[in-house]
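Thanks, everyone. Let me put the model on the screen, and then I'll walk you through parts of one chain.

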Amino acid sequence: MDNTIKNLLEQSKTKIETAKDSVELNNLYVEILGKSSKINNLTKTIPALPQEERAQAGQMINAAKKELEAIFQKTKQSLAASHKLGKSIDVTAPGKKQELGHLHLVSQAIEEIVDIFSKLGFSLQSYPEVDWDWYAFEALNMPKGHPARDDWETFFIASHRATSSLIDSQPNPKLGRQVLTPHTSNGQVREMETVKTPPVRMINISRCYRRQIDVSHTPMFHQFEGLLVDKKVSITDLKGTFDYFTKAFFGPNRVTRLRPHHFRFTEPSFEVDVTCGVCDGKGCRICKEGWLELGGSGMVHPKVLEAGRIDPKIYTGFAFGWGIERTIAMKTELPDIRLLYQNDIRFLEQF
Amino acid sequence: MNLLVPISWLREYLKTDAAAKTISRELSLAGPSVERTEKRGEDYIFDIEVTTNRPDAFSVYGIAREANAILNYIGSKSKLQPPVGMDLNLDPDTKEKLTLDVKITNPILCPKFTAIVLANIKIGPSPAVIKNRLEAVGIRSINNIVDITNYIMMETGNPMHAFDYDKILGAKMVLRASRQGEKLTTLDGKNYKLPEGSIVIQDQKRLVDLCGIMGSENSQITRRTKRAIFFVQAYDPQTIRRTTQALAQRTEAAARFEKGIDLENILPVLSRAVYLAKKTAGAQIASELIDIYPRKQASKTISLNFDKLQKYSGVKIEPAKAAQILRLLGFKVQADVAKLTAQVPSWRAQDVQEDVDLIEEITRIYGYHNLPSTLPEGQVPQRTDGSLKQVIALKNSLKILGLTEVMSYSIISKNLLQTSQVSEKEAVELQNPLTEEWQFMRPSLIPSLVDIVAKNQNIKPSLAIFEIAKTYIKQKAGLPTQDLWLSAVKTGDSFYEIKGLAENIMQILGKTASFQKETKDGGIFQKDLAATVKVEGQEVGKIGLLNRNFSGSFGIETPLLALNLNLSIIYSLKSKTLSFHPIPKYPPQIEDISAIFAVQTPVALITEEITKTSTLVKNIEITDIFESEKIGEGKKSVTFRLTYQKSTGTPDAGEVHEARDKIIKKLQKEFLATVRI
């Protein structure tokens, strides 16, 4: 018995130590220490031994098993350590990578803005880009004859008289003509109609259209609109919201201010300025006395609340909106915003 | 609208020790913004933005009035000094009185009209102070009388005009709406054919004024003028605006008339002009004053509750302070503990209409910068985000998948519309396009994307781009459909590549899609090399190779792959719900089977058959498909990787063998396959 065990131990040791890889090693494990291995079979022979030899045989077998187990672990480690690692590397050579695409600057800005306002409880909604005169103007306290409703400011949809069954784009007797929304503010009354009872906290981002093109205007652009209506909403809340946004979007050192301004659908109305990032508010070539205009805002005009069937005696609100492109231009010092829509791949791949 | 104001001129009416810098800063915070300050010699010139609701501030005196209120409120010493000569006695100076016969056909066109005839005028250069001030604000000095008209406009905001009295035939003026086809030459020498309904003045014979825009050449003041008519009035703002736009001629005068004029200030302005003419041109009043003012401008009184003021401002502004602010702005105010009533000054009549307007006046002078910053209290509404939130996540995934996002105009040309194969009748057309380039709202994004590929093909021959945007198609009634689409275009000719992308996208969106071969000819996609995509049995778009004629029409020779998915529909469909499946306790047996099939046999059909044949097969993966001469024409070799698995233990060799045999027999029988193993 002694010799049998010793021989088995020596043979097994050699086998294990000369294993080439972990696959072979694992197979050997099954062969040497598995259920039907020789050593296990030896255990089964113990009861056949004379009484006085049994204990010793058992101990020897167990010791052999332990030893083999230890050799296995050692071999496993040394195999792992000796795993081929290549000869030498050039850390300056390019790695193997997936080719990534690029997000458009406008999308990147939208994502950032949405994230910031989501934290303040605003939900992201979207409303038609081709909408009725009522939502785009009339309900926003912009009566007929208002300059924004002129043909040279806003795009209107042609109404073709029926030559076929398609007789759409006709003015609606109640809602007026169809227009390409010149701002996202058409979402204000639509959101009030949807929510019915405040609180309202909405942001609406959409393509907007105006009849102008130059270095700082494209006929299509993106606007961002925020609306908050509740029982206790004041100018100080609007200020706080803008401070929060500005620090999150432009950086902790930037400061905002409200200036008196004029919009038909808000009263009081403000222009929101941010300190210029180039000169730190000291005044330079690209800013106005240290300030950059971010966008318009104001307390929702009572007539707009009424148009949305919300009682202005109970509720107040604030609204704000600005062009995403201008915000991008402010952040990236883009000289001509038309670049955003020329889709030159060399431009797109920069971001 | 922007206004230039030299500080030296401003100080004629604004008596204050405050420095230019202080005035500029305080004005910007509480009133019209000083956008830039230019130093010119000893003087500073402010470039001020005046909002369209504040024509009362669109003049040097108007700015002085604002600045005075603001400076006083913050405790700077300041006093407002109105221009001299605004309340002259306008009785005739000459013994011999001249007549002027004025008729206004429609008082809506001209709510107030004043005129007076001046004689013994000595035309000459203006005094240096007037000349310099006009030049500082960008107006060329002409002669003392013409300069007065411009000076008065810049000083008071009220445009005025002067005619040569001797050129007004019959000393007769009829103010009326123009008729179709009437012509006139303005004093800058331009000829106009007037639109119907412009405001004009006619003398006995001819048109002498294009009211509110510019005077006519035939009645202008010249070096030889001896007698003049001074003429101050207001016009219907909308009519003026229509004319300026129809003629594309927007003068300084028109810019003011179209915002509305303070009717109560017209007579003082005329008086001031006469004062200046007497002083600088030796003029004498030679007629009775003509003052036609059929309906006096209403004066409104508004009451404001202090609770409401606090609700809006967020702070408690003392009633006395609120009243003080309004008084500084020219309102007549009465206040008690709960509310105040304010009578609106004539120059703010159009702008200040209700209590919220008073709140604006009070809070802006109080100073928005003096209000604290707070975050809104109150509940966060229970409202789920719209699909745009999902779109943002999707765009990020597409970027990781190697696609670059483009953004192109939603308004397209007729040419681009025609390539999209949507009829003009269905397309949403603009009534007033800016150019032919932007005439229709696009019904599909694909033409725009292919156009972008065409523009970039010499810069980067291999491209993969996408856009997510709305498309527009007319409906029988109401607004057009405005569905959100995801479109992608990439260079390449492998259908499986674009299908892979579609499958990736569906996985990201949590949908199961099926694909059906496109067998129709003549679309944007190539017949037989494209597929219709369905989710839950509903068609959601197409993928595949683009029709070579279509991409060829953009000058692209290389094959293009495209994907066009209607996200509005996809988002509205149910997503797969993820649930837990127990992890198998026993390892599977895995083996490959290769077999040769007819090329047209869909692999989906084969895998379906295999699944049906043996319950031991838990997963089938297709690891290889190829065609070659070796295996013969019209044949393809397909390799399936089969996973045999059961819950009670690892399948043994016998079980696997049995399943494999069954499968092979089935493939031979159903598909006449040659199994290669």
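I'll take the domains, then a sheet, then a helix.

Keep in mind that this is a predicted model. Chain B is divided into five parts: domain 1 (2-80), domain 2 (101-292), domain 3 (301-368), domain 4 (388-572) and domain 5 (589-675). The centres of domain 2 and domain 4 of chain B lie 59 Å apart, taken over C-alpha atoms.

Now the sheet. In chain B, 7 strands make an open sheet with mixed pairing. The order is S21-S25-S26-S30-S29-S28-S27. Its edges are strand S21 (404-405) and strand S27 (513-517) of chain B, and each pairs on one side only. Strand S28 (525-535) and strand S29 (538-546) of chain B run antiparallel, with 7 bridges between them. One residue pair to look at: B:Ala531 has B:Ile543 in S29(B) as its bridge partner.

What packs on this sheet? Helix H15 (495-509) of chain B does. The helix touches S26, S27, S28, S29 and S30 of chain B. Its direction makes about 150° with that of S29(B).

Next, helix H8 of chain B, residues 266-281. Its 16 residues should span 22 Å at 1.5 Å a residue, and the end C-alpha atoms are 22 Å apart, so the two agree. Buried residues of H8(B) include B:Ile266, B:Val269, B:Leu270, B:Ala273 and B:Ala277. B:Arg272 is also among the buried ones.

What do they pack against? The buried residues of H8(B) meet strands S7, S8, S15 and S16 and helix H5 of chain B. After H8(B) comes B:Gly282, with a positive phi near 65°.

That's the tour. Comments welcome.

How values were computed
Residues numbered from 1 in each chain as written. Chains lettered and ligands numbered in written order. Predicted model: local features only at pLDDT ≥ 70, side-chain atom pairs only at ≥ 80, totals over all residues. Domains from an automatic or database assignment. Pairing = 2+ DSSP bridges. Helix = DSSP H or I, 4+ residues; strand = E, 2+ residues; numbered from the N terminus. Contact = placed C-beta atoms within 7 Å. Axes fitted to C-alpha atoms, helices over the stretch in contact; angles between N-to-C directions. Expected span 1.5 Å × (residues − 1). Buried ≥ 20, exposed ≤ 12 C-beta atoms within 10 Å, placed from the backbone.
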